[in-house]
Amino acid sequence: MLGHLPSAPPIVRGGKKYRQCSAVIVFNEASDVLVGERAGKPGNWQLPQGGVDEGETSREAADREMYEEVGLKLGDLGLTHLFDVPTEKDACFYDVKGSWLAKQGFAGQHLAFSVYLLPSGKRDPSTFCNLTDANGHAEFSKVKWAKLEDVTASVWEPKRPAYQYAATYSLPRLLAFMAKRKL
């Protein structure tokens with residue numbers, strides 16, 4: 001995270017403030033997703049994600065976070081944006097207690113998912129991802145391809161409903177897109 005702009009205004013829901021956050025789902029042609037192991041938290045794998053800056057859309061934030069956290073930009077290696085997951089669902093909100101978010105007055109985060117396709121097959125993502133941002137900060141210590149169902153089952157519990165919702169919405173649409181592409 002570069003921390004270059006103030007955060008977008010929070011979403012207020014049920015009298016609580018939620019930080020706007022964008023998550024990135026990058027599928028490969030095998031329907032696996034790109035995940036990173038959190039730096040300093042061995043075994044904690046998640047999708048790239050981060051806060052939405054003031055004046056940014058959630059999609060713009062997803063593009064930025066993807067670049068900051070894994071070094072990928074649209075067009076790199078054929079990377080294309082496919083669609084965004086609707087965010088009206090309660091599942092997109094999660095509460096967090098006792099974290100830096102609480103110290104800033106947030107009850108938790110609201111996740112907005114943007115979905116991409118990187119036609120790289122099963123190529124090892126460590127060969128093309130750059131995990132260090134312009135300030136020398138790394139959100140992830142390593143990256144890999146994984147099944148979205150496995151990532152959803154193992155992600156930090158408060159995020160799990162949002163990941164499940166995004167998976168349920170995304171996978172059928174990805175498969176339909178892939179089927180049309182093979183015609």
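In the structure, the charged end of Lys144 sits over the ring of Trp45, at 4.2 Å from the ring centre. A charge is said to sit over a ring if NZ of Lys or CZ of Arg is within 6 Å of the ring centre and within 35 degrees of the ring normal. The model is a predicted one, in which local features need pLDDT of at least 70 and side-chain atom pairs count only at pLDDT 80 or more, while totals for chains, interfaces and linings use all residues. Residues are numbered from 1 along each chain as its sequence is written, and side-chain values use heavy atoms, with hydrogens and water left out.

Lys17 is also placed over a ring: its charged end sits over that of Phe106, 5.8 Å from the centre. Lys17 belongs to strand β2; strands (E, at least two residues) and helices (H or I, at least four) are DSSP runs, numbered from the N terminus. With a relative accessibility of 35%, Lys17 counts as partly exposed. On this scale, buried means under 20% relative accessible area, exposed over 50%, and partly exposed in between (1.4 Å probe, protein chains only). Lys17 and Asp95 are separated by 78 residues in sequence, but by 9.9 Å in space, C-alpha to C-alpha.

Aromatic pairs were counted among the rings of Phe, Tyr and Trp (its six-membered ring), with centres within 6.5 Å; planes under 30 degrees apart count as stacked, over 60 as edge-to-face and the rest as tilted. The count comes to four aromatic pairs. One of them joins Tyr94 and Trp156, whose ring centres are 6.0 Å apart and whose planes stand at 90 degrees, so the pair is edge-to-face. Tyr94 is in strand β7 (residues 93-95) and Trp156 in the loop between α3 (148-154) and α4 (160-182), so the pair links distant parts of the chain, 62 residues apart. Tyr94 is buried, at a relative accessible area of 4%, whereas Trp156 is partly exposed, at 41%.

Phe113 and Tyr163 make up another edge-to-face pair, because their planes are at 85 degrees, with ring centres 5.9 Å apart. Phe113 lies in strand β8 (residues 108-117) and Tyr163 in helix α4, so this pair ties together parts that are 50 residues apart in sequence. Phe113 is buried, with a relative accessibility of 1%, and Tyr163 is buried, with a value of 1%.

The largest pocket holds about 410 Å³ of space. On a 1 Å grid over the protein atoms alone, a pocket is an open set of points with protein on both sides within 12 Å along at least five of seven lines, and lining residues have an atom within 4 Å of a point. Grid points are joined across faces, edges and corners, and the volume is the space filled by probe spheres (1.4 Å probe) set on the points. The lining of the largest pocket has 20 residues, and those nearest its centre are Arg38, Gln49, Trp100, Gln109 and Lys159. Two or more lining residues come from each of β2 (16-27), β5 (49-51), α1 (58-70) and α2 (100-103). By residue class, the lining is made up of seven nonpolar, six polar and seven charged residues. Here Ala, Val, Leu, Ile, Met, Phe, Trp, Tyr, Cys and Pro count as nonpolar, Asp, Glu, Lys and Arg as charged, and the others, Gly among them, as polar.

The loop between β2 and β3 (32-38) contains Asn28, which is buried at a relative accessible area of 0%. A polar atom of the Asn28 side chain lies 2.9 Å from the backbone nitrogen of Ala30. Ser31 is placed in the loop between β2 and β3 and is buried, at 17%. Ser31 is not a glycine, yet its phi is positive, at about 70 degrees. Leu77 has a positive phi as well, near 55 degrees. Leu77 is located in the loop between α1 and β6 (80-84) and is partly exposed, with a relative accessible area of 41%.

Val151, in helix α3, is buried at 4% relative accessibility; its C-alpha atom is 9.7 Å from that of Asn44, 107 residues apart along the chain. Pro125, in the loop between β8 and β9 (140-147), is buried at 2%, and its C-alpha atom is 9.4 Å from that of Val35, 90 residues apart in sequence.

Definitions and conventions
Polar contact = N/O pair within 3.5 Å; in protein donor to acceptor, adjacent residues only side chain to side chain.
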